[in-house]
Amino acid sequence: MTSASPIRLAVIDDYEVVVNGLAKMLERYRDRVEVAELDIEGPMSTVEHPVDIALYDTFGQAQGEPEALAHLLKEPRVDKVVVYTWNFQPDLVRRSLDAGVRGYLSKTLPAGELVLALERVHAGEVIVSAEMGSGPIAGEWPGREEGLTPREAEVLALITQGLSNNDIAAQTHLSINSVKSYIRTGYRKIGVTSRSQAVLWGVRHGFEPDHRRIVPDPTVQDR
């Protein structure tokens, strides 16, 4: 299933490494998906160019609450909104679909399967990945080169933003015990023993959100 012209896609997340990693993953499918905009200002920003799909990456962002996606869903330049996530709790899926999301896709999808799912959404289907899957998480995240798992990295990113353990549990929909476990393993990997040390490490290693938007240069993409 392919479109007559490439699907115009905006990638939405607060972290440059995340959106750039996803764009790089999709490069080989540029004849089917054109990454028209990389948005690094979060869900309350405005998509500057008309796009067929806004792909909302949940790393470090609110999930499942209608207000988290309300701006994108009302944005006239966005035709459809798709959530790209590793969180598949039934209530999260249901609330996202009830809010108007047209796709709820797993980060374990290989690039080709992700593109196919986006094409099906563009064609009018509502697509939900069957389950998270056991494959590797696609794309990039802060701290990957330090050996941090996506979950450890997300928890450390939220700590760097100043969230408490309870706030992190609420935002990520993890249990407080899971949050504490990710903190322990994450701290061990980056060699810190306190929250203040973790925040300082996070600031120095790109765990603060990036607050700017990147519009890809088509002359660069065509090289």
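Author: Helices (H or I, at least four residues) and strands (E, at least two) are DSSP runs, numbered from the N terminus. This is a predicted model, where local features need pLDDT of at least 70, side-chain atom pairs count only at pLDDT 80 or more, and totals for chains, interfaces and linings use all residues. Residues are numbered from 1 along each chain as its sequence is written, and side-chain values use heavy atoms, leaving out hydrogens and water. Thr 85 belongs to strand β4 (residues 78–85).

Reader: Why is Thr 85 called buried?

Author: Buried means under 20% relative accessible area, exposed over 50%, partly exposed in between (1.4 Å probe, protein chains only). Thr 85 has 0%, so Thr 85 is buried.

Reader: Thanks! What makes Phe 59 and Trp 86 an edge-to-face pair?

Author: Rings of Phe, Tyr and Trp (its six-membered ring) pair if their centres lie within 6.5 Å; planes under 30 degrees apart count as stacked, over 60 as edge-to-face and the rest as tilted. The count by this rule is 4 aromatic pairs. For Phe 59 and Trp 86 the centres are 6.2 Å apart and the planes stand at 90 degrees, so the pair is edge-to-face. This pair links distant parts of the chain, 27 residues apart.

Reader: How do you know that Phe 59 counts as buried?

Author: Its relative accessibility is 1%, so Phe 59 counts as buried. Trp 86, at 8%, is therefore buried too.

Reader: And why is the pair of Phe 88 and Tyr 104 called edge-to-face?

Author: Their ring centres are 5.1 Å apart with planes at 90 degrees, so this pair is edge-to-face.
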